[in-house]
Amino acid sequence: MDKHPKSFVNFNNQVALSSKTYAMATICMLCIEFFQGGLPPQWLNAPFLDPQADPVYWLLLLSQIPLLLTQVTYVNYVFTILLLLIPIFILIKPSSKSLIFFQLILITIFFLCRNLVNCHHGHSFFPFIVVAFPLLFSHPRNLYLSNLIRYYIAFVFSSAALWKILSGVAFNPTHFTSIFESQHATDLLENHSFYAFLLHTFHQFPILPFLIFSLAILLQISFAIAFLTRNFDKCLAVLLCLFLLGDSIFMGMSFYPMLLYLPYFWYKTPRLANSST
């Protein structure tokens, strides 16, 4: 007789596939970074590293790792080779938790050092860190962590909407136009650019940017339902895609790593406790 219910066995079998998906996503991300000038060899001789007022980045600087990666060529190349090879090894041996752990360390260093070099502490690559944790553990810990990630995603979206509502910006009809102008200040200098056309349209129809912003807030607050039921998870997966598409179109921001969160809503994650929701 099976030690765990069949759904748990299926979920455990799914871990190997998830490891392969994680490795493939990492390889795709590194390819994109190559064309965007974000790989470690392109950091060499970086003129400035900006930790800002963030203790995590100050501790990283104290370790001398960023300086080694930006000033010592052979260290940079070894780090890059490992960053590229470990996902390939994971594809060959997806059940290896040691490889996943090593990849998590490399991705974290890559993520933090990239922000230091770019002098901008963005969080676009954070999903690569978050989704690695369930792959480090066996049942039932991987199950607990997978469910926790689902709730974390729901919290991120719904709390962002709640902040906009409580701060009052959700009711400011000119707020979206203001952040749109700030985001595309350089592009707006070109009269025939796509964003200049959008801004002209926003000024002609002021209700339009307010409606777009209101729909974005409604989309974000919709994730609060994930705390109550799983019946609408696939709808939330679609909303996540729409949100990323909207960010790309209107704000010119690429958060494609957040696509790693889709499986937590698209596929039914088994739970340890029986529930009707």
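On the surface there is a nonpolar patch made of Phe194, Phe197, Val238, Leu242, Leu245, Ile249, Trp266 and Tyr267, and together these residues have about 800 Å² of accessible area. The helices α9 (194–204) and α11 (233–251) are the elements that give two or more residues to this patch. The biggest share comes from α11, with 4 residues. A patch here is built from residues with over 30% relative accessible area and no salt bridge, where like charges are joined within 9 Å and nonpolar side chains (Val, Leu, Ile, Met, Phe, Trp, Tyr) within 5 Å. A salt bridge, in turn, is a side-chain nitrogen of Lys or Arg within 4 Å of a carboxyl oxygen of Asp or Glu. The areas come from the Shrake-Rupley method with a 1.4 Å probe, and for residues only the protein chains shown count as cover.

Before I go on, please note that this is a predicted model, in which local features need pLDDT of at least 70 and side-chain atom pairs count only at pLDDT 80 or more, while totals for chains, interfaces and linings use all residues. Residues are numbered from 1 along each chain as its sequence is written, and side-chain values use heavy atoms, with hydrogens and water left out.

Now the overall picture. The protein has 12 helices and 0 strands. Helices (H or I, at least four residues) and strands (E, at least two) are DSSP runs, numbered from the N terminus. Of its 277 residues, 42% count as buried; buried means under 20% relative accessible area, exposed over 50%, and partly exposed in between, with a 1.4 Å probe and protein chains only. The accessible surface of the protein comes to about 15,500 Å², and carbon and sulfur atoms hold 70% of that.

Back to α11 for a moment. Valine 238 sits in this helix, and it counts as partly exposed because its relative accessibility is 41%. In the loop between α10 (207–221) and α11 we find alanine 226. Is alanine 226 buried or exposed? It counts as buried, because its relative accessibility is 2%. Alanine 226 touches Arg150, Tyr151, Ala154, Leu236 and Phe265, leaving aside residues up to four places away in sequence; contact means heavy atoms within 4.5 Å. From alanine 226 to alanine 154 is 72 residues in sequence, yet their C-alpha atoms are 6.2 Å apart.

Next, threonine 80, in helix α4 (residues 73–92). This threonine 80 is buried, with a relative accessible area of 9%. A polar atom of its side chain lies 2.8 Å from the backbone oxygen of asparagine 76. Such a polar contact is a pair of N or O atoms within 3.5 Å; within protein, one must be able to donate a hydrogen and the other to accept it, and residues adjacent in sequence count only if both atoms are side-chain atoms. Threonine 80 also touches Pro40 and Pro41, again not counting residues up to four places away in sequence.

Finally, helix α5. At its start, a side-chain oxygen of serine 96 comes within 3.2 Å of the backbone nitrogen of leucine 99. After α5 comes cysteine 119, with a positive phi near 55°. Asparagine 45 has a positive phi too, near 60°, and lies in the loop between α1 (6–35) and α2 (55–62).
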